[in-house]
Amino acid sequence: MGKDIVWFLKRWAKTYLLVDEKLYDQISLPFSTAFGADTEGSQWIIGYLLQKVISNLSVWSSEQDLASDTVQLLVTLVERRERANLVIQCENWWNLAKQFATRSPPLNFLSSPVQRTLMKALVLGGFAQMDTETKQQYWTEVLQPLQQRFLRVINQENFQQMCQQEEVKQEITATLEALCGIAEATQIDNVAILFNFLMDFLTNCIGLMEVYKNTPETVNLIIEVFVEVAHKQICYLGESKAMNLYEACLTLLQVYSKNNLGRQRVDVTAEEEQYQDLLLIMELLTNLLSKEFIDFSDTDEVFRGHEPGQAASRSVSAADVVLYGVNLILPLMSQDLLKFPTLCNQYYKLITFICEIFPEKIPQLPEDLFKSLMCSLELGMTSMSSEVCQLCLEALTPLAEQCAKAQDTDSPLFLATRHFLKLVFDMLVLQKHNTEMTTAAGEAFYTLVCLHQAEYSELVETLLSSQQDPVIYQRLADAFNKLTASSTPPTLDRKQKMAFLKSLEEFMANVGGLLCVK
């Protein structure tokens with residue numbers, strides 16, 4: 001019953017409480033009068049909902065599902081500025097913030113995910129409309145105790161000896177969860193303050209990687225802090241701030257690599273959770289790559305007044321961090337690990353992003369890592385799900401285009417793309433495949449044909465010469481002639497590619513499945 005009540009209150013508040021009237025041509029006058037801006041009703045209901053939240057967290061702190069729904073209701077109350085402005089006027093809000101900041105019971109008994117979301121709500125509330133002095137007081141009461149307790153713990157002379165004590169581990173875990181919550185609260189108007197606050201912690205978190213290198217759950221939580229910061233903030237960071245984050249992430253990966261050197265992952269009976277660190281690192285690298293195509297920064301305008309002058313001379317880039325991470329991950333990924341669906345999907349998303357964004361870096365990989373990457377792509381095309389196969393096909397197109405630009409016919413990448421031409425040819429002509437992959441397969445196929453025209457002609461001739469039935473032979477010959485008629489000779493021209501893809505649809509309709517291996 002408690003969960004149902006909170007479920008209703010959250011959705012009601014999100015929909016009707018202090019609704020943005022500018023979004024509607026017409027709005028119910030009773031609702032607007034009762035729960036609109038500048039009404040006694042809205043102030044009363046905010047106070048009621050806040051009291052409900054505090055009551056639930058106090059009485060039902062051990063009921064994780066109810067507590068989780070309750071803090072989500074709290075997030076709803078502060079995620080819009082208009083509601084947050086009323087929330088911070090309530091004395092209960094300030095009491096809640098102080099109680100959580102000092103880790104007082106019963107809030108300190110809440111589960112880690114609930115504490116993370118509660119911190120997110122408290123941070124969002126701090127960006128409501130307040131005068132400068134009040135806002136400074138709020139941050140002093142909410143964030144400063146977190147920083148003070150953390151520094152007090154890690155700066156103890158005997159921290160190395162005490163680090164495994166349950167009380168110390170709980171303090172470290174609570175701090176890391178709080179940092180994730182702070183990162184999750186990031187919005188474009190608060191990113192400058194939150195990024196600078198979090199960067200102070202990230203350096204210390206890297207030091208914790210050394211201390212807790214044999215405690216997987218703590219290592220995973222440290223990496224998760226970096227994942228959340230990259231996920232929520234990288235798109236808002238200008239060049240110098242992004243560079244600071246790249247450097248921190250690179251150092252994190254270097255420490256992780258050193259601590260895991262020679263570590264074998266051969267337990268095929270292990271659960272996927274045991275490989276959570278690899279999953280998180282891949283997620284971190286993917287988030288860093290997202291900066292290349294989702295960028296809301298404006299040359300650090302939101303950081304004006306916080307810009308260190310020497311940052312421009314540094315040269316760490318997203319490519320450096322991601323390729324270092326790839327060098328770390330590729331040797332650890334085995335066919336057994338790829339049997340875990342989540343791990344497999346994240347891995348192929350990552351290598352597809354890398355191929356799309358930094359195709360010129362792929363030929364520069366060390367020989368053994370390059371071979372591992374090519375084997376991974378082949379495995380994904382031939383033995384994995386249709387989603388993974390599509391990702392691999394999407395990775396092939398930029399790699400083939402890179403070969404065409406480089407015009408180096410002796411490079412390992414050029415030779416690898418020749419092999420992939422046959423794989424894609426067989427997939428389209430000889431094998432059954434998901435029709436949703438036809439576009440991705442067609443784009444990869446066309447680019448590979450442009451690169452290896454002689455080999456393509458040889459594949460067609462070999463296929464035709466193997467046909468005993470003259471009717472099928474003629475039908476195939478006509479279909480292949482029509483397929484390339486609009487793009488002879490094929491070039492990397494967009495107009496030609498679109499004509500080829502249209503012809504490929506007709507080709508698949510005419511002969512698709514005709515030669516499928518049963």
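Arg116, Lys120 and Phe127 supply 60% of what domain 1 buries against domain 2, more than any other three residues.

Before going on, please note that this is a predicted model, in which local features need pLDDT of at least 70 and side-chain atom pairs count only at pLDDT 80 or more, while totals for chains, interfaces and linings use all residues. Residues are numbered from 1 along each chain as its sequence is written, and side-chain values use heavy atoms, with hydrogens and water left out.

## The domains themselves

Domain 1 covers 1-129, and domain 2 covers 179-299 + 317-326; these bounds come from an automatic or database domain assignment. Their C-alpha centres lie 30 Å apart. To the contact (heavy atoms within 4.5 Å), domain 1 gives 8 residues and domain 2 gives 13 residues.

## Charges across the interface

You can count 3 salt bridges between domain 1 and domain 2. A salt bridge is a side-chain nitrogen of Lys or Arg within 4 Å of a carboxyl oxygen of Asp or Glu. The side chains of Arg116 and Glu184 form a salt bridge, at 3.6 Å from N to O.

Now look at the side of domain 1 that touches domain 2. Helix α7 (residues 112-125) brings its largest share, 5 residues; helices are DSSP runs (H or I, at least four residues), numbered from the N terminus. By class, this side of domain 1 has 4 nonpolar, no polar and 4 charged residues. Here Ala, Val, Leu, Ile, Met, Phe, Trp, Tyr, Cys and Pro count as nonpolar, Asp, Glu, Lys and Arg as charged, and the others, Gly among them, as polar.

## Rings that pair up

The structure holds 20 aromatic pairs, meaning rings of Phe, Tyr and Trp (its six-membered ring) with centres within 6.5 Å; planes under 30 degrees apart count as stacked, over 60 as edge-to-face and the rest as tilted. Tyr16 and Phe31 make a stacked pair, 4.8 Å centre to centre with 10° between the planes. Tyr16 lies in helix α1 (residues 2-16) and Phe31 in helix α2 (residues 29-35), so this pair ties together parts that are 15 residues apart in sequence.

## Two backbone details

Pro105 and Pro106 are joined by a cis peptide bond, with omega about 5°. Pro106 sits in the loop between α6 (91-101) and α7.

Leu18 is found in the loop between α1 and α2. Phi of Leu18 is near 50°, a positive value in a residue other than glycine.

Note on methods:
Buried area is the accessible area (1.4 Å probe) that two parts lose on being put together, summed over both. Helices (H or I, at least four residues) and strands (E, at least two) are DSSP runs, numbered from the N terminus.
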